[in-house]
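Open the structure in your viewer and keep the sequence beside it. The stops below say what to select next and what is there.

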Amino acid sequence: MRIDIITLHPGLLESPFSHSIIKRAIEKKLAEVNFINLRSYGTGNYRQVDDAPFGGGAGMVMCIEPIARCIEELKSARQYDEIIYLTPDGDLLNQATANNLSLLDNIILLCGHYKGIDERVRELFITKEISIGDYVLSGGELPAAVLCDSVIRLLPGVISDETSALTDSFQDNLLAPPVYTRPAEYNGLKVPDVLLSGNAKQIEEWRLARSIEKTKTKRPDLLA
Ligand code: ADE
């Protein structure tokens, strides 16, 4: 199995892959794990990868172009079974998900930072969104490491007794609304007009509506 991890902080990922079972799995070539530094795909002299959110608000949003360039380059070299975004509003990681992922050949993991990634990255590229729990970490690197660990240990030959792996077992209760940053249009996909309107009240209402909609769809238990 090949896992390509797109990250702004490859150093954060090194340790979990340099020890114990996971290290041995990589040495035995049962798993191949590559860290791809998103900064190399940034724009301009400063290799910019993030920008202020359309519609205003705190924090920065990771831009679509560097991520698109990076993913397109990877996809031009091989086929991927899944392109996974680690995010607190993804599906909760559980053993069934780890089992299913361990059957795949090639996957990409995208680690987010700041206030999130431009929503269009999710629309265009992401096939699966995974959370490791209902708490917010500083970025997707630690969750990616958790996900990799849960998957790699299931690969045949990684744990010596093959059966042993088989015998193992937020503030307002709303998920965050979609976020967008420049460009206002990408490959025909437009940022919702309301976010470009400058009308703070409408933007707030739109965000609340999207938050409620998203929470109803993805985590109705939070509203119960
Ligand atoms: N990024 C930030 N927090 C996260 C979480 N709990 N799970 C997955 N990715 C995240």
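Start with the ligand and select the residues around it: Leu86, Thr87, Pro88, Ile130, Ser131, Ile132, Gly133, Tyr135, Val136, Leu137, Gly139 and Pro143. The model is a predicted one, so treat each stop as part of a prediction.

Next, show the secondary structure. Two strands, E5 (82–92) and E7 (128–131), each give the shell at least two residues. E5 makes the largest contribution to the shell, with three residues.

Now display the backbone atoms of Ile132, Tyr135 and Leu137. Which distances separate the ligand from them? A polar backbone atom of Ile132 lies 3.0 Å from a nitrogen atom of the ligand. For Tyr135, the distance from a ligand nitrogen to a polar backbone atom is 2.7 Å. At Leu137, a polar backbone atom and a nitrogen of the ligand are 2.9 Å apart. With the protein hidden, the ligand would expose 260 Å², and the protein buries 96% of this area.

Leave the ligand and select the cysteines. How many disulfides does the structure hold? The number is zero.

The next stop is strand E1 (residues 2–7), where you will find Ile3. Is Ile3 buried or exposed? Its relative accessible area is 1%, so Ile3 counts as buried. Show what it touches beyond four places away in sequence: Glu32, Val33, Asn34, Ile107, Leu109, Cys148 and Ile152. For a view across the model, draw a line from the C-alpha of Ile3 to the C-alpha of Pro53: it spans 30 Å, and the two residues are 50 places apart in sequence.

The remaining stops concern backbone geometry. Select helix H2 (residues 20–27) and pick out Ser20. Ser20 is not a glycine, yet its phi is positive, at about 55°. Continue past the helix into the loop that joins H2 to strand E2 (32–37), where Lys29 is located. Lys29 also has a positive phi, near 60°, and is likewise a residue other than glycine. With a relative accessibility of 76%, Lys29 counts as exposed.

Finish at Pro183, in the loop between helix H7 (164–167) and strand E8 (185–186). Which form does the peptide bond from Arg182 to Pro183 take? The bond is cis, and its omega is near 0°.

Note on methods
Residues are numbered from 1 along each chain as its sequence is written. This is a predicted model: local features need pLDDT of at least 70, side-chain atom pairs count only at pLDDT 80 or more; totals for chains, interfaces and linings use all residues. Side-chain values use heavy atoms; hydrogens and water are left out. A disulfide is a pair of cysteine sulfur atoms within 2.5 Å. A residue is near a molecule or strand if one of its heavy atoms lies within 4 Å of it. A polar contact is a pair of N or O atoms within 3.5 Å; within protein, one must be able to donate a hydrogen and the other to accept it, and residues adjacent in sequence count only if both atoms are side-chain atoms. Accessible areas come from the Shrake-Rupley method with a 1.4 Å probe; for residues, only the protein chains shown count as cover. Helices (H or I, at least four residues) and strands (E, at least two) are DSSP runs, numbered from the N terminus. Buried means under 20% relative accessible area, exposed over 50%, partly exposed in between (1.4 Å probe, protein chains only). Contact means heavy atoms within 4.5 Å.
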